[in-house]
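The stops below are given in the order in which they may be selected.

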Amino acid sequence: NLHGAEREIDFGFGSKRVTNWEQGTLPQVLHGNGPTKIALNRFGNYHPKAFDPTIGYKGKCMACGEKEGTIDVEDTENLPTILTTMFITERTPFIDYFINKTLSQNYPLEKWHVRIYNRVWGHADHIQELVNYHVINGDKKFASFKLMQPKETISMKLSELYQEGMTTCVELDCGFYFVMDSVITLTDDNVLTDLIYWNKSVITSQLTQPDSTGVISGETLVRTVSTKELLTTST
């Protein structure tokens, strides 16, 4: 149990075993309850043999070379159609950075559908201004774009919003579904192509949390193999 024992654990990386140096044991099962669930989620980014930050300059993904192979992201004409959904479900500082950086990803606009679901009245006007700047009056001519403000989303459950995003992906026959929550901000304009390159069924990038040495996940890319598979996994 990690509760109260996080400082006793040496997690190591790569093929190394998790060690409890206080007890002199090699735990085979890690359990987290209460506040330690966040720590357990963070450790899951590295074990078992998922990622080793000690290899190379930025670390090495130990699982990225498995199974599906890769996609040639340099061949822009044959890149898959994708859908990006942005969910704004709580008041978020610097909401403009979240939207600006997400819409600034390097991806062919004609193959990129975007949906924004906003449930926060206090952000409604600002988000509309950003949409006007980028899409309505700007040069971001996406394959399709839709903004849903609180008057449309406030009566919906969060599960219904997320389900609608998945359903939209099915209707658009998109190859990948990129989900973003407003509590995180991208700093790299190539996150989309970097994730698509690995051609995984489900993959997420690693995001650092201020004042923390751990890793959090705030966005996920889902490969939609078929409409039937997507509907099955989302119910």
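Is aspartate 173 buried or exposed? Select it: at 60% relative accessibility, aspartate 173 counts as exposed (exposed means over 50% relative accessible area, buried under 20%, partly exposed in between, with a 1.4 Å probe and protein chains only). The model is a predicted one, in which local features need pLDDT of at least 70 and side-chain atom pairs count only at pLDDT 80 or more, while totals for chains, interfaces and linings use all residues. Residues are numbered from 1 along each chain as its sequence is written, and side-chain values use heavy atoms, with hydrogens and water left out.

Remain at aspartate 173, which sits in the loop between helix H5 (158-172) and strand E8 (176-181). Helices (H or I, at least four residues) and strands (E, at least two) are DSSP runs, numbered from the N terminus. Aspartate 173 is not a glycine, yet its phi is positive, about 55°. Most residues other than glycine have a negative phi.

Next, select cysteine 169 and cysteine 174. They form a disulfide with their sulfur atoms 1.8 Å apart (a disulfide is a pair of cysteine sulfur atoms within 2.5 Å). A search of the whole structure finds one such link. The angle about the S-S bond is -65°, and the link is left-handed. Cysteine 169 is buried, at 1% relative accessible area, and cysteine 174 is buried as well, at 4%.

Now turn to the largest nonpolar core, which has 31 residues; Ile88 and Ile99 have the most contacts inside it. A nonpolar core is a set of buried Ala, Val, Leu, Ile, Met, Phe, Trp, Tyr and Cys residues joined through side-chain atoms within 4.5 Å. Elements that each supply at least two residues of this core include strand E5 (82-88), helix H2 (95-103) and helix H3 (124-136). A second, separate core of 11 residues includes Phe87, Met166, Cys174 and Tyr177.

Select Ile88 and display its surroundings. Not counting residues up to four places away in sequence, isoleucine 88 touches, among others, Phe98, Ile99, Ile116, Ile127 and Ser182, where contact means heavy atoms within 4.5 Å.

Finally, select helix H1 (residues 36-43), in which Thr36, Ala39, Arg42 and Phe43 are buried. Seen down the axis of H1, its buried residues fall within an arc of 110°, so they line one face of the helix; the arc is that of the directions from the helix axis to the C-beta atoms. The face of H1 turned away from its buried side carries the exposed residues Lys37 and Ile38.
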